[in-house]
Amino acid sequence: MTHIYKTKPFEHQRQALIKGAEKEYFLFLMGMGTGKTKVAIDNAVYLYNNKKVDTVLIIVPNSITHNWKKEIEIHSSTQNKTHIYKKDNFDYYEKGKLNWYIMNVEALSHVSGVRVAKKLIDSKKDTMFMAVDECTTIKNHKAKRTKNIIKISLKVKYKRGMTGSPTTKSPLDLYSQCEFLKPGLLGYKSYYAFRARYCAMRPLSNEGNRQIMIPMYFTNLSELEGKIKSFSSRVKKEDCFDLPPKVFSKRLLGMSKEQLECYTSLKKYARAIFQDKEASYTNKLTELLRLHQVTCGFFVSDKGQKESFDTPKMAELCNIIDEAEGKVIIWANYIHNLEQIIQVLRKKYPLDKTVAIYGAVNVKDRDQAVEAFQNDSKTRFFVGNPSTGGYGLNLTAATTVIYFSNSYDLTLREQSEDRAHRHGQKNSVAYIDLVTKGTIDEFIIKALNEKKKMSAQTLGEEVLNFL
């Protein structure tokens, strides 16, 4: 194939494009930092130059819509017109240019978003290129957005899925991602037939008249691996760049007396009282949430009131920062912790600026935060929530990454890790997890490792623990 590049590709990007350029459906399984966005842009431009498409619909996590617009400007070698959902008019089409329509995946959970996307697809289905970036966002076959995206994309000829880790929970994650590309692509007409082939299930409990089933073990994974390889290009970051290795460590911590009393009471009696406020739970999910919040140093009452504990995690965070050289990223799951951490950093390290990205920070301030962290020598700390700041950002100025807390989501963990460990990073990056020993913190770390092992096995890769 012949393609005129605007920006010179790495060899792994060129090979991925060659393999997938003319296919009607394809998966770019490219690790974070290997440039899958550029490959998808080059693929769309290649098809446009060959008069096969004139319209591109990109479905992305909300936090990286503007990043896509910048990448199009950098890498597209043709004339472009870019439209962003809810900011620009999706009814407008500019002739003589490749029209890009960027839509956040969350919008496809709602009737209004589906209506806009469907109208666009119906008008341009024969000449459309559609891609879902971070396609694990449609791994849940029961989710509204998954069902909607699969349904409205049926008429689209050229489709691409893009992710570094397609199986963040189990091999069953692959089904709906492949259904988006082409119904029945994996050889099964239903999710349950697919599941029966690759997973042995066992009953967990009965919920009313409905039996809850959970995976017991997975089977025939080498067969599934072979199917995936036939319509995908797998690129791992360590095979592409001469990057220094990630260095992982844990700081095992205890709890303050108040924390321990509260945690023990919640676990044993399903209720606890702190500062005359009561917290309780009636189901397993609420129990896990309440226990995790306590290990993170705060208590939420049944009325939504928050009280903070003196927690060893905050003291250890400051100890690590005192030891560390250079710039530091701090990830935390809860807004309460993010705001606490920002306050502590600004008070304890007044000469070092702190920037932050989480839900309350607007897009303009997020861009400025990244710019300052990367280029301002006085800006030392970046504080963020992985679900908001974990995607699409380049934070290679950091040499230390601290996880104040973790969630069960492997995608968010890997994405947030690779904000610092990507092309352009010249130093080893130290990843440090603050883990409250003997608690749900340790269980979460174990669950993340198990998910990573299963993902590696499904793709035929070496199985390694990262923590």
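**View 1. Helix α15 and the largest cavity.** Helix α15, residues 410–417, contributes three residues to the lining of the largest cavity, the most of any element. The structure shown is a predicted model. The volume of this largest cavity is about 60 Å³. Its lining consists of Asn 333, Pro 386, Tyr 403, Ser 405, Asn 406, Ser 407, Asp 409, Leu 412, Arg 413 and Ser 416. Sorted by class, five lining residues of the largest cavity are polar, three are nonpolar and two are charged. A search over the whole structure gives three cavities of 30 Å³ or more.

**View 2. The second largest cavity and its lining.** The second largest cavity holds about 50 Å³ of space. Residues lining the second largest cavity are His 292, Lys 313, Tyr 403, Phe 404, Ser 405, Asn 406, Leu 434, Val 435, Asp 441, Ile 444 and Ile 445. Two elements, β19 (429–436) and α16 (440–458), each supply two or more residues to this lining. Helix α16 provides the largest share, three residues. The lining of the second largest cavity comprises six nonpolar, three polar and two charged residues.

**View 3. Residues found in both linings.**

**View 4. The six-stranded open sheet.** Six strands with parallel pairing form an open sheet, in the order β10-β19-β18-β15-β17-β16. Strands β10 (246–253) and β16 (353–357) are the edges, each pairing on one side only. From one strand to the next, the twist averages 20 degrees.

**View 5. Strands β10 and β19 with helix α16.** The parallel strands β10 and β19 are joined by eight bridges. Lys 246 has Val 429 of β19 as its bridge partner. Helix α16 packs on the sheet and touches both β10 and β19. The direction of α16 makes about 135 degrees with that of β19.

Note on methods. Residues numbered from 1 in each chain as written. Predicted model: local features only at pLDDT ≥ 70, side-chain atom pairs only at ≥ 80, totals over all residues. Heavy atoms only, no water. 1 Å grid on protein atoms, 1.4 Å probe; cavity = no way out; pocket = protein on both sides within 12 Å on 5 of 7 lines; lining within 4 Å. Points joined across faces, edges and corners; volume = space filled by probe spheres on them. Helix = DSSP H or I, 4+ residues; strand = E, 2+ residues; numbered from the N terminus. Nonpolar A, V, L, I, M, F, W, Y, C, P; charged D, E, K, R; others polar. Pairing = 2+ DSSP bridges. Axes fitted to C-alpha atoms, helices over the stretch in contact; angles between N-to-C directions. Contact = heavy atoms within 4.5 Å.
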